[in-house]
Amino acid sequence: MPPLVELKDIIKVYPNGVVANKHVNFSVEKGEIHALVGENGAGKSTLMKILYGLEQPTAGKILLNNAPVNIHNPHHAIDLGIGMVHQNFMLVPSFTIAQNIVLGREPRRGQFINFEESIRITEQL
């Protein structure tokens, strides 16, 4: 069975010439949990930003259920079932965990945010 998510030969070179990812391969099987570890500047966050659509790779491909995908932005990633919890400095300190998780895709009840549904979504995740 192919991996649920697979990043193949990912390269990210910024316009200033900085190479953040150089031929990175990463895969996740259904039900697996991974931790990316490494020193500052190793490219961990860049790789996850590529998977979440915040950055675009210079080269390489992303496969979801063995099918190639181009993840254009975080909304597209979420639609594909890919989420990202950012490092602490990216969280809103006054928000609850549930509010931070649904940030940008808040469930609504009329024109108001549905906090109970936010909690339900977070518990389901």
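1. In which helix does Ser118 lie? Ser118 belongs to helix H4, which covers residues 115-124, where helices (H or I, at least four residues) and strands (E, at least two) are DSSP runs numbered from the N terminus. The model is a predicted one, so that local features need pLDDT of at least 70 and side-chain atom pairs count only at pLDDT 80 or more, whereas totals for chains, interfaces and linings use all residues. Residues are numbered from 1 along each chain as its sequence is written, and side-chain values use heavy atoms, with hydrogens and water left out.

2. On the overall layout, the protein has four helices and six strands, and from the N terminus on the elements run β-β-α-β-β-α-α-β-β-α. The C-alpha trace spans about 45 × 35 × 25 Å along its principal axes. Of the 125 residues, 27% count as buried, a term that stands for under 20% relative accessible area, with exposed over 50% and partly exposed in between (1.4 Å probe, protein chains only). Among contacts (heavy atoms within 4.5 Å) between residues at least 6 apart in sequence, 46% join residues at least 24 apart.

3. To return to Ser118, this residue counts as buried because its relative accessible area is 2%. Leaving aside neighbours within four places in sequence, Ser118 is in contact with Ala98, Val102, Pro107 and Ile113. Of these, Pro107 is 11 residues away in sequence, with a C-alpha to C-alpha distance of 6.4 Å from Ser118.

4. Asn21 counts as buried because its relative accessibility is 2%. A polar atom of the Asn21 side chain lies 3.1 Å from the backbone oxygen of Gly43. Beyond neighbours within four places in sequence, the contacts of Asn21 are Ile10, Ile11, Lys12, Gly43, Thr46, Leu47 and Ile50.

5. Thr46, one of those partners of Asn21, is found in helix H1 and is itself buried, since its relative accessible area is 12%. With neighbours within four places in sequence set aside, Thr46 is in contact with Lys12, Tyr14, Ala20 and Asn21.

6. The largest nonpolar core has 15 residues, and those with the most contacts inside it are Leu7, Ile10, Leu51, Ile62 and Ile71; such a core is a set of buried Ala, Val, Leu, Ile, Met, Phe, Trp, Tyr and Cys residues joined through side-chain atoms within 4.5 Å. Two or more residues of this core come from each of strand E1 (5-13), E2, helix H1 (44-52) and strand E3 (59-64), and H1 provides the largest share, four residues. Ile62 is in contact with Glu6, Leu7, Ile10, Ile50, Leu51, Ala67, Pro68, Val69 and Ile71, leaving aside neighbours within four places in sequence.

7. The largest pocket has a volume of about 1800 Å³, and its lining comprises 47 residues, of which Tyr52, Ile82, Gly83, Met84 and Val85 lie nearest its centre. On a 1 Å grid over the protein atoms alone, a pocket is an open set of points where a 1.4 Å probe fits, with protein on both sides within 12 Å along at least five of seven lines, and lining residues have an atom within 4 Å of a point. At least two lining residues come from each of E2, H1, helix H2 (74-79), helix H3 (97-102) and H4, with H1 giving the most, seven residues. The lining divides into 27 nonpolar, 15 polar and five charged residues.

Technical notes
Polar contact = N/O pair within 3.5 Å; in protein donor to acceptor, adjacent residues only side chain to side chain. Points joined across faces, edges and corners; volume = space filled by probe spheres on them. Nonpolar A, V, L, I, M, F, W, Y, C, P; charged D, E, K, R; others polar.
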